Structure formats: C-alpha cells, structure tokens
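Hi,

Here is the structure I promised to pass on. Have a look at it first, and then read my notes below.

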Amino acid sequence: MMGYGSWGGFGFGWIFMIIFWILIILGIVALVRYLGNSGKTTKDDKTPLEILKERYAQGEIDKKEFEEKKKDLS
C-alpha cells in the first residue's frame, strides 16, 4: 500500500514548494528594494552650470575653459 508516508506519495513536490517560496521571498525583496529606491535619483539634479562651477572651483578646468563653456551653456 502506497500512501502519503511512503516514497510513492513523497515525489518531487517538496522541491517545487521550496522553489515556490524562494521565488515569493525574492519577489518581495525585489519589490521592497524597488519601492525604497523609487524616490531617489542617481544624480544630484544639478544644472550644467552648477556642475561647471564646481569643476572650476575644484581646479579641474581653468578660467578660460570655464568662460568658454559658460558661454556655450548660455
């Protein structure tokens, strides 16, 4: 007699149940991470002129290059 307690009723159902729960947990984690990052932006929302001023202040570009690029942006 093969019932639920024997090898015949055991099968591979438990593997699919584990995979199912892993997928559910990963889906919840992905949803939480997405919702947590949805209000944030990857950059600081600075204007190009502000970025140019920062580069000039940090010494990455000289005054001549700053004035040229500022003129291009205007």
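What follows is a short tour of the annotated regions, the surface patch, the aromatic pairs and the salt bridges.

A word on the ground rules first. This is a predicted model, so to speak of local features I needed a pLDDT of at least 70, and side-chain atom pairs count only at pLDDT 80 or more, while totals for chains, interfaces and linings use all residues. Residues are numbered from 1 along each chain as its sequence is written, and side-chain values use heavy atoms, with hydrogens and water left out.

Let's start with the UniProt record. An unreviewed entry there places a "transmembrane region" at residues 12-36; positions are given in the numbering used here, feature names are shortened, and annotations may be inferred rather than shown by experiment. In the model, residues 12-36 are 96% helix and 0% strand, with 37 Å between the end C-alpha atoms. Helices are DSSP runs of H or I with at least four residues, and strands are runs of E with at least two, numbered from the N terminus.

Next, the surface. F12, W14, F16, I18, I19, I22, L23 and L26 make up a nonpolar patch with about 880 Å² of accessible area together. A patch takes residues with over 30% relative accessible area and no salt bridge, joining like charges within 9 Å and nonpolar side chains (Val, Leu, Ile, Met, Phe, Trp, Tyr) within 5 Å; areas come from the Shrake-Rupley method with a 1.4 Å probe, and for residues only the protein chains shown count as cover. One member, L23, sits in helix α2 (residues 13-37) and is exposed at 56% relative accessible area. Here buried means under 20%, exposed over 50%, and partly exposed in between (1.4 Å probe, protein chains only).

How many aromatic pairs are there? The count comes to two. Rings of Phe, Tyr and Trp (its six-membered ring) pair if their centres lie within 6.5 Å; planes under 30 degrees apart are stacked, over 60 edge-to-face, and the rest tilted. F20 and W21 are edge-to-face, at 5.3 Å centre to centre and 75° between the planes. Y56 and F66 are stacked, at 4.7 Å and 20°. This second pair links distant parts of the chain, with Y56 in helix α3 (residues 48-57) and F66 in helix α4, ten residues apart. Y56 is partly exposed at 34%, whereas F66 is buried at 8%.

Finally, the charges. Side chains of opposite charge can pair when their charged atoms come close. The whole structure holds three salt bridges, each being a side-chain nitrogen of Lys or Arg within 4 Å of a carboxyl oxygen of Asp or Glu:

- K46 with E54, where the closest N and O atoms are 2.7 Å apart; K46 is partly exposed at 28%, and E54 is partly exposed at 33%.
- E60 with R55, at 3.1 Å between the closest N and O atoms; E60 is partly exposed at 48%, and R55 is partly exposed at 31%.
- K69 with E65, at 3.8 Å from N to O; both lie in helix α4 (residues 63-73), four residues apart, about one turn of the helix.
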